[in-house]
Amino acid sequence: MRYIFHLVIHYPFSSFLIAVIWYLCFFTPPHTRLDHVAFIDKWTHTAMYLLTCSVIWEEYFRRHRRVEWRKAVLLAWAAPALMGGLIELLQATCTGGRRSGEWLDFAANATGATLALVIGILRARSRAR
């Protein structure tokens with residue numbers, strides 16, 4: 001619990017975005033004109049995780065001079081990707097049919113996190129020079 005408090009204090013923007021993701025994944029979305037755009041849901045998942053994981057990387061770089069790769073990859077890639085999987089499982093089993101968990105949503109979440117990982121690696125390399 002102490003570590004979670006530490007993360008919330010030292011990664012406030014990331015924590016906020018993670019809370020927004022949890023909220024958005026469990027409320028009933030309104031119908032919009034974008035509902036007819038092919039794969040709009042998948043693009044939204046990818047964008048949410050790309051943004052959130054990119055912010056995690058930036059906050060990590062602000063707090064650390066040297067990148068501890070194991071910790072950074074766990075914090076900025078693995079944890080968000082696993083969180084996406086957990087959310088999809090919870091949507092499939094705990095929302096009474098209001099939301100559905102989908103493997104493609106999980107793949108889109110992981111894609112966004114992976115794109116942010118690539119950006120984070122490139123950013124770390126440029127910082128090292």
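Which residue forms a salt bridge with Lys42, the closest N and O atoms being 2.8 Å apart? The residue is Glu102, and the legends below describe this pair and other close-up views of a predicted model.

**View 1. Lys42 and Glu102 form a salt bridge.** The closest N and O atoms of Lys42 and Glu102 are 2.8 Å apart. This pair links distant parts of the chain, 60 residues apart. Lys42 belongs to helix α3, which covers residues 40–63. Glu102 sits in the loop between α4 (69–94) and α5 (103–128). With a relative accessible area of 32%, Glu102 is partly exposed, whereas Lys42 is buried at 16%.

**View 2. Lys42 also forms a salt bridge with Asp105.** Here the closest N and O atoms are 2.7 Å apart.

**View 3. Asp41 is another salt-bridge partner of Lys42.** Between Asp41 and Lys42, the closest N and O atoms are 3.2 Å apart. Asp41 is partly exposed, its relative accessibility being 31%. The Lys42 side of this pair is buried, with a relative accessible area of 16%.

**View 4. Four residues are linked in a network of salt bridges.** The members of the network are Asp41, Lys42, Glu102 and Asp105. Lys42 pairs with Asp41, with Glu102 and with Asp105. Side chains of opposite charge can pair when their charged atoms come close. The structure as a whole holds four salt bridges.

**View 5. Met1, Ile4 and Val8 form a nonpolar patch on the surface.** Together, Met1, Ile4 and Val8 have about 360 Å² of accessible area. Met1 is found in the segment before helix α1, which spans residues 2–10. The relative accessible area of Met1 is 84%, over the 50% cut-off, so Met1 counts as exposed.

Notes: Residues are numbered from 1 along each chain as its sequence is written. This is a predicted model: local features need pLDDT of at least 70, side-chain atom pairs count only at pLDDT 80 or more; totals for chains, interfaces and linings use all residues. Side-chain values use heavy atoms; hydrogens and water are left out. A salt bridge is a side-chain nitrogen of Lys or Arg within 4 Å of a carboxyl oxygen of Asp or Glu. Buried means under 20% relative accessible area, exposed over 50%, partly exposed in between (1.4 Å probe, protein chains only). Helices (H or I, at least four residues) and strands (E, at least two) are DSSP runs, numbered from the N terminus. Patches are made of residues with over 30% relative accessible area and no salt bridge: like charges are joined within 9 Å, nonpolar side chains (Val, Leu, Ile, Met, Phe, Trp, Tyr) within 5 Å. Accessible areas come from the Shrake-Rupley method with a 1.4 Å probe; for residues, only the protein chains shown count as cover.
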